[in-house]
Amino acid sequence: MSEEAPGAVRARIESKFPRGLVIRLIAYLFVGHLFAFFVYLLFVLGAGNQ
């Protein structure tokens, strides 16, 4: 089993995906989950008012 240094693993990942793409992907996932939580919260609060 060959273990690579953390820097080598990161360099290998970044060579496959551009840095901007990784940042955008993380941002979209975060914003998407935040929006989904907001919609869920609206449904929970709306159901509680009935």
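Student: Why is L41 called partly exposed in this predicted model?

Tutor: The relative accessibility of L41 is 34%. Buried requires a value under 20%, and exposed requires one over 50%. The value for L41 lies in between, and therefore L41 counts as partly exposed.

Student: Where does L41 lie?

Tutor: L41 lies in helix α2, which covers residues 19-48. The protein chain has two helices and zero strands.

Student: What makes the nonpolar surface patch that includes L41?

Tutor: The patch is made by F37, Y40, L41, V44 and L45, and its area is about 510 Å². A patch residue needs over 30% relative accessible area.

Student: Why is H33 called exposed?

Tutor: H33 has a relative accessibility of 58%. The cut-off for exposed is over 50%, so H33 counts as exposed. H33 is also placed in helix α2.

Student: What share of the residues of the protein chain counts as buried?

Tutor: Of its 50 residues, 0% count as buried. The chain exposes about 4900 Å², of which carbon and sulfur atoms supply 72%.

Technical notes. Residues are numbered from 1 along each chain as its sequence is written. This is a predicted model: local features need pLDDT of at least 70, side-chain atom pairs count only at pLDDT 80 or more; totals for chains, interfaces and linings use all residues. Side-chain values use heavy atoms; hydrogens and water are left out. Helices (H or I, at least four residues) and strands (E, at least two) are DSSP runs, numbered from the N terminus. Buried means under 20% relative accessible area, exposed over 50%, partly exposed in between (1.4 Å probe, protein chains only). Accessible areas come from the Shrake-Rupley method with a 1.4 Å probe; for residues, only the protein chains shown count as cover. Patches are made of residues with over 30% relative accessible area and no salt bridge: like charges are joined within 9 Å, nonpolar side chains (Val, Leu, Ile, Met, Phe, Trp, Tyr) within 5 Å. A salt bridge is a side-chain nitrogen of Lys or Arg within 4 Å of a carboxyl oxygen of Asp or Glu.
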